[in-house]
Amino acid sequence: MTQEQRPTFLFISPVFPTFDGIGVEQRAWSHLDALCSIGDVDLVLAMTAKQVSGGANVEELRTKCRSVRIVRLSPSSKLTSRKLPGLTFAIRLSLLWKDSHIVAKDELESFRQAGAPLCYDMAFCFRIRNYPVWQQIQRHTGVTAKRVYVDFDDIESITLARELPFLRQRLGRENSIVAKLERIETLRLEHRIQREADLVSVCSDHDRSELLRRPGAAEIAVVPNSFPFKPALPPSPESGVARIMFLGALSYPPNEDAILHFCDSIYPLIRRELGDRVSLTIVGRRPRPCVQELGGRNAIIVTGGVDSVEPYYAEADLVIAPIRFGGGTRIKILEALSYGRAVVSTTIGAEGLDLEPGRDLLQADSPEKFATACVELLRDPIRRDELATSGRSRVLDLYSRTAIQNKLTAIVSNLQQAPVETDTSNPLPFDLTHSTKSFSEK
């Protein structure tokens, strides 16, 4: 294939794609890397001012992509209304179908003047939030695409529904109602994408089955999360203390809830059995004070963000994923198994991963059963090694980054080869206000 024949992709991401970042950043990187291998990619990072100020290695992305542009998102009146106590719900209800973020007009004009192709072979929206961003780009610049592919990753409306019962006390009554509205808005956007996009993807067969129950013409593909190959670490050094590790971005509510629940309801049961011969290390970015306060008692260490997670895996005997809500699949479970560490997870924590409980990892949901599983493995290094070896083999077979990227490029190639259907029923496919029927009317 000559350079002129390479397809052109517009990749819109709400995060900096990173090879070894948190889960969502790794998934974005894997997709971006795959598309760059078969075509020319213009990367648009659609981010709020706060995200941009966080910084990232944009230069590395520029060596991979044909162009990289940061497009600033501004909060709409829907989000700024949260600053009006007592009126938040009423205002949010009146703005129910309005987009949460809008692309700054000067950013759109700059995008148009940059000489972007008038028609891409494909617009690739990473996560559903970027579908309205893509439509705003269409509306204000005239840029179009022959195909539109939206990667849901997980099904956010399901994640929000699971999250609400656990966060209701922290949110308070009014914000809990607002959270319910956000879930309705998210569900509506998911339905809209399934009607309008050519293809959507999710990270598991479980999530695909959920989407197949909904109406919509879009094809639904499964593109699992992946993890790059890592040499298995040797057994952790003998120290006389069994070491448990939890790893995950602690600004993510399911992770914060998981470790607080573990320390409150599960870890004391483990300590009852093992006493001072067990310790817990909590590794993850941006822990709130409620997590930081766990450190320094009962042999608990809270590290915060770290430059490399490998040294912590090297010292760990067991990795835990006591997740009680959330969606998608856990890259951190793939990571732990890839490093050769045994895992104990809840059912939701391992949801969507093609791993066999009892062979590749242990699963338990009640505090008592979770603690029992941990104690069993901490006392039995041979059993730990059996689980870790089997789980690692399964991850390398099914979730290696190369295999998943090959699957994505095959999906994209097949979509490009399919005949393009011209739909004249909606002369303004980028109109953000069309289709305001309730779900029961669709």
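**Exercise 1. Which residue lies over the face of Phe19, and at what distance from the ring centre?**

Keep in mind that this is a predicted model. Now look at the ring of Phe19: Arg401 lies over its face, 5.1 Å from the ring centre. For a charge to count as sitting over a ring, CZ of Arg has to be within 6 Å of the ring centre. Arg401 belongs to helix H17, which covers residues 401–417, and that helix is up next.

**Exercise 2. Check the span of helix H17, then work out where its buried residues sit.**

Step one is the length. H17 has 17 residues, and at 1.5 Å a residue they should span 24 Å. The end C-alpha atoms are 24 Å apart, so expectation and model agree.

Step two is burial. Arg401, Ile404, Gln405, Leu408, Thr409, Ile411, Val412 and Leu415 are the buried residues of H17. Seen down the helix axis, the buried residues fall within an arc of 155°, so they line one face of H17. Here's the background: an α-helix has 3.6 residues a turn, so residues three or four places apart point the same way.

Step three is the other side of H17, where Thr402, Asn414 and Gln417 are exposed.

**Exercise 3. Is strand S1 buried or exposed, and which strands does S1 pair with?**

Start with burial. S1 runs over residues 8–13, and six of its six residues are buried, so the strand is largely enclosed by the rest of the structure. Thr8, Leu10 and Ile12 point one way, while Phe9, Phe11 and Ser13 point the other way.

Next, find the neighbours. S1 pairs with strand S2 (residues 40–48) in the parallel sense, over six bridges. Within S2, Val44 is the bridge partner of Ile12. S1 also pairs in the parallel sense with strand S5 (residues 119–126), this time over four bridges. In S5, Ile12 has Cys125 as its bridge partner, and Phe11 has Phe124.

**Exercise 4. Follow strand S5 to strand S6 and describe how they are joined.**

First, S5 itself: seven of its eight residues are buried, so S5 is largely enclosed by the rest of the structure. Then count the bridges: seven of them join S5 to S6, and these strands run parallel. One example is Tyr120, whose bridge partner in S6 is Ala145. S5, helix H7 (residues 130–141) and S6 make a right-handed β-α-β unit.

**Exercise 5. Classify the ring pairs Phe11–Phe124 and Phe124–Tyr149.**

Searching the whole structure turns up nine aromatic pairs. Take Phe11 and Phe124: their ring centres are 5.0 Å apart and their planes meet at 10°, so the pair is stacked, the cut-off being under 30 degrees. This pair links distant parts of the chain, with Phe11 in S1 and Phe124 in S5, 113 residues apart. Both residues are buried.

Now try Phe124 with Tyr149. Their ring centres are 4.5 Å apart and the planes stand at 50°, so this pair is tilted. Phe124 in S5 and Tyr149 in S6 (residues 144–153) are 25 residues apart, and again the pair links distant parts of the chain. Phe124 and Tyr149 are both buried.

Conventions: Residues are numbered from 1 along each chain as its sequence is written. This is a predicted model: local features need pLDDT of at least 70, side-chain atom pairs count only at pLDDT 80 or more; totals for chains, interfaces and linings use all residues. Side-chain values use heavy atoms; hydrogens and water are left out. Helices (H or I, at least four residues) and strands (E, at least two) are DSSP runs, numbered from the N terminus. The expected span of a helix is 1.5 Å times one less than its number of residues. Buried means under 20% relative accessible area, exposed over 50%, partly exposed in between (1.4 Å probe, protein chains only). The arc is that of the directions from the helix axis to the C-beta atoms. Two strands pair if DSSP finds at least two bridges between them. Rings of Phe, Tyr and Trp (its six-membered ring) pair if their centres lie within 6.5 Å; planes under 30 degrees apart count as stacked, over 60 as edge-to-face and the rest as tilted. A charge sits over a ring if NZ of Lys or CZ of Arg is within 6 Å of the ring centre and within 35 degrees of the ring normal. A crossover is right-handed if, with the strands pointing away from the viewer, the path from the first strand over the helix to the second runs clockwise.
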